[in-house]
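This report describes a structure for a reader who is new to the subject. Please look at the sequence and the structure before reading on.

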2 protein chains.
Amino acid sequence: MRIKEFQSLIRELYQSRDALRGPDRTFLWFLEEVGELTRAYRRGEAENLAQEMADVFAWLASVANLLEIDLESAVGQKYPKLCPLCSTNPCSCPLR
Amino acid sequence: MRIKEFQSLIRELYQSRDALRGPDRTFLWFLEEVGELTRAYRRGEAENLAQEMADVFAWLASVANLLEIDLESAVGQKYPKLCPLCSTNPCSCPLR
């Protein structure tokens, strides 16, 4: 599935509700999902991790929809097959 | 670009470094990027928001790579064209 398709699916499923809730409270939902992913990671809940990652991505898409940001374009511009900092592939930045 | 392709690109660019850093510290980087996105959102930095969203997605992909989670499959399983809670499209859950 393309990034763009996933963002469209989330728009189709949730846009009217996201718009009613508004961007601030939708952003808070995204952060809540980040918290749930963090908990699943900390607890080593292997089965849950994939689902929580899907939820984080879905709420990121909801926020992006409300802010009219195209995630596929954003990703293509920031990561054009090269590390955005050192411009090599693989990255050769100092390890951090 | 497919979700799978983006995850592969991040693997190609960063996997050896992510593995050296390890999953705990890579997860902390992901959370740092979530913080940067939150700051850009709070400040209304329109130009920065798309880049920060790309970074959050990239670090989510790094964590997924280390944990051997396929984001595209995770998303397809959790969001099979229907809301996972009410099983309709568009979602008809009570507004939250």
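## Salt bridges within each chain

In this predicted model, both A:Asp18 and A:Arg21 are buried. Their side chains meet in a salt bridge, with 2.9 Å from N to O. A:Asp18 and A:Arg21 lie about one helical turn from each other, because they are three residues apart in helix α1 (residues 3–21) of chain A.

Chain B has a salt bridge between B:Arg21 and B:Asp18, again with 2.9 Å from N to O. These two residues of chain B are buried. They are three residues apart in helix α1 of chain B, so about one helical turn separates them. B:Glu45 and B:Arg43 form another salt bridge, in which the closest N and O atoms are 3.4 Å apart. Over all chains, the structure holds ten salt bridges.

## How the two chains are related

Two copies of a chain are related by a rotation about an axis and a shift along it. Here, chain B is superposed on chain A by a rotation of 180° with a shift of 0.0 Å along the axis, and the RMSD is 0.0 Å. That is the relation of a two-fold axis. The same surface serves both copies, since 100% of the contact residues of chain B recur in chain A.

Which residue of chain B comes closest to the rotation axis? This residue is B:Arg2, whose C-alpha is at 1.9 Å.

## The interface

In the contact between the chains, 55 residues of chain B touch 55 residues of chain A. Together the two chains bury about 5,100 Å², and 70% of this area is on carbon and sulfur atoms. On the side of chain B, the residues that lose the most area to chain A are B:Met1, B:Tyr41 and B:Tyr79, which together make up 14% of what that side buries.

Polar contacts across the interface of chain B and chain A number 24 residue pairs. Helices α1 (3–21), α2, α3 (46–66) and α4 (71–78) of chain B each give two or more residues to the side that touches chain A. Among these elements, α3(B) gives the most, with twelve residues. There are two salt bridges between chain B and chain A. One of them joins A:Lys78 to B:Asp55, with the closest N and O atoms 2.8 Å apart.

## Aromatic pairs

A pair of aromatic rings is described by the distance of the centres and the angle of the planes. The structure holds eleven aromatic pairs over all chains. One of them is formed by A:Trp29 and A:Trp59, with 4.6 Å from centre to centre and 5° between the planes. This pair is stacked, because planes under 30 degrees apart count as stacked. The pair links distant parts of the chain: A:Trp29 is in helix α2 (residues 23–43) of chain A and A:Trp59 is in helix α3 (residues 46–66) of chain A, 30 residues apart. A:Trp29 is buried, at a relative accessible area of 15%, and A:Trp59 counts as buried at 14% relative accessibility.

A:Tyr41 and B:Phe27 also form a stacked pair, with 4.6 Å between the centres and 10° between the planes. The pair crosses between chains, from helix α2 of chain A to helix α2 (residues 23–43) of chain B. Both A:Tyr41 and B:Phe27 are buried. Ring pairs also link A:Phe6, A:Phe57, A:Tyr79, B:Phe6, B:Phe57 and B:Tyr79 into a cluster.

Note on methods: Residues are numbered from 1 along each chain as its sequence is written. Chains are lettered from A and ligands numbered from 1 in the order in which they are written. This is a predicted model: local features need pLDDT of at least 70, side-chain atom pairs count only at pLDDT 80 or more; totals for chains, interfaces and linings use all residues. Side-chain values use heavy atoms; hydrogens and water are left out. Copies are superposed by least squares on the C-alpha atoms of residues with pLDDT of at least 70 in both. Contact means heavy atoms within 4.5 Å. Rings of Phe, Tyr and Trp (its six-membered ring) pair if their centres lie within 6.5 Å; planes under 30 degrees apart count as stacked, over 60 as edge-to-face and the rest as tilted. Helices (H or I, at least four residues) and strands (E, at least two) are DSSP runs, numbered from the N terminus. Buried means under 20% relative accessible area, exposed over 50%, partly exposed in between (1.4 Å probe, protein chains only). Buried area is the accessible area (1.4 Å probe) that two parts lose on being put together, summed over both. A salt bridge is a side-chain nitrogen of Lys or Arg within 4 Å of a carboxyl oxygen of Asp or Glu. A polar contact is a pair of N or O atoms within 3.5 Å; within protein, one must be able to donate a hydrogen and the other to accept it, and residues adjacent in sequence count only if both atoms are side-chain atoms.
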